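Here's a quick briefing to read alongside the model. Have the sequence and the 3D view open as you go.

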Amino acid sequence: MSIKERHESLKKHLKEENPVLLDIVQKYEILDNIGYKSGFLEENDSYTGNISWWPIISILGTFSAGKSSFINNYMGVKIQSSGNQAVDDKFTAICYSNSEQVRTLPGIALDSDPRFPFYGISDEIEKIEEGEGNKINLYMQLKSVSSPNVKGKIFIDSPGFDADEQRDTVLRMTQHIIDISDLVLVFFDARHPEPGAMRDTLEYLVKATMNHPDADKILYVLNQIDTTSKEDNLEDIISSWQRALAQKGLITGNFYTIYNEEAADIIQDEAIAQRLKTKKDAHMAEIDEKIEAVGIQRAYRIATLLTNTAKDFTERKFPKLRDALDSWSKKVLISDIILLVVIIGGGFIANSLSILPADTTLLTGIGAVVVVILVYLHFFIREIMAKLEIKKHKESDQDLARALGFSTKWYKPLLAHKFKTWNMLNLKKLDNLIHDAKTTIQKLNDQYIIQDAE
């Protein structure tokens, strides 16, 4: 799929789910063009590919913690298999479709479509475990469902989690999901009040989420609390889990207790039933509110990311490229001067020793050969100096190294970056992009704030 086809596909999808973001896709096309012309972006790449254009809500958790039941209940459609045993064996991305039929597509559908947050993930899997990249269908699948609750969002249901048994690939994919998600719900099973038995799993899930820079997006959910009704010991079980989480370093956090009323056993004691339902309803309302809010937050993030990327060009990328080109061109010029001095000095010495021929034609020929050698040596030294400069930056800044390789090609003027026109047009475009991003945020305000006020 070409970049143009990616953009058109993205626009078509956004037209249905979030038209406000349509304009900003066009701004990213301009940003891509600047990236191509400056060498910071490869021609088969796009800055739109670094963004999940739909809010992502991920459901992680231990086996039989009720993740699939929660998703089915939230969607209003039975899309995931559920049960007391481990029924999930792969990551499932769930998105909206107009079709009433729930469709299941293989993992390659996610790996090959840049609109989804797992585009190209088979290459990353291959880096983790050789040969596994070709088995993407064993790790992932895509399901589509006609539920208004998923429209404009992507839900990701993870396999039942056991840190002892997970392969490196699954652990790495879990961390990737946590990183790209706008909201992460980590489920635990209240029916097993001995959390110490899952010590390694707790340690991994808590560690993976606790130290995340967006820790506020992590919700810890103690599911199926209706099972505490017979003993009426909800507070004891909650305290037990909180202690277990605290032992792994989670002192504070968003902690919720819920259960599925449709799947719950009948609670004989009405007082207990009402108390559990009141707590569950309050916590579910908070979870629902957070899920709904991610759509708004994602739209603002995408607009903000455009601003930040444009500023990164003006404040970091271009200045660093100019400095690197200064260093490169200075070394080339010094080498040229040394060569010229050597040639001229050699000419004077040869002339003083009467080595040079008197024949004008022959002398002209020698001069032409010398000029050709000088030109060859200039481009040879130019290439060597460019490689050394690229190597210096390759590990610390691959984008800069790529741009250097682009700007130091043999046909590029040596001192082009010294002229004001070198990037004036791009800087003007970037200023316009920053302004347009602010305009998009104003449109989002009109959509979400002013309409709400009315």
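Predicted model: local features only at pLDDT ≥ 70, side-chain atom pairs only at ≥ 80, totals over all residues.

The chain has 13 helices and eight strands, and 46% of its 454 residues count as buried. If you look at contacts with a separation of 6 or more, 79% of them come from residues 24 or more positions apart.

- Strand β4 covers residues 140-145, and six of its six residues are buried, so the rest of the structure largely encloses it.
- Met-140, Leu-142 and Ser-144 point one way from β4, while Gln-141, Lys-143 and Val-145 point the other way; all are buried.
- On the parallel side of the pairing, strand β2 (residues 91-96) is joined to β4 by six bridges. Thr-92, for instance, has Gln-141 of β4 as its bridge partner.
- Strand β3 (residues 103-106) runs antiparallel to β4, with four bridges joining the two. Here Arg-103 has Ser-144 of β4 as its bridge partner.

**Helix α11**

- Helix α11 takes in 35 residues, 360-394. At 1.5 Å a residue it should span 51 Å, and its end C-alpha atoms are 50 Å apart, which agrees.
- The buried residues in α11 are His-378, Ile-381, Arg-382, Ala-386, Glu-389, Ile-390 and His-393.
- What covers the buried residues of α11 includes α10 (270-352) and α12 (398-407).

**How α10 meets α11**

- The axes of α10 and α11 come within 9 Å and cross at roughly 150°. Angles over 145 degrees count as roughly antiparallel, and the two helices are therefore roughly antiparallel to each other.
- The crossing of α10 past α11 is right-handed.
- On the α10 side, the residues making the contact include Ala-324, Trp-328, Lys-331, Ser-335, Asp-336, Leu-339 and Ile-343.
- On the α11 side, they include Val-370, Leu-374, Leu-377, Met-385 and Lys-392.
- Which buried residues of α11 also take part in this contact? Among them are His-378, Ile-381, Arg-382, Ala-386, Glu-389 and His-393, which are buried and are also listed in the contact with α10.

Technical notes: Residues numbered from 1 in each chain as written. Heavy atoms only, no water. Expected span 1.5 Å × (residues − 1). Buried < 20%, exposed > 50% of the residue type's maximum accessible area, 1.4 Å probe, protein only. Contact = heavy atoms within 4.5 Å. Pairing = 2+ DSSP bridges. Axes fitted to C-alpha atoms, helices over the stretch in contact; angles between N-to-C directions. Parallel < 35°, antiparallel > 145°, perpendicular 65-115°, else oblique. Left-handed = near helix turned anticlockwise from the far one by under 90°.
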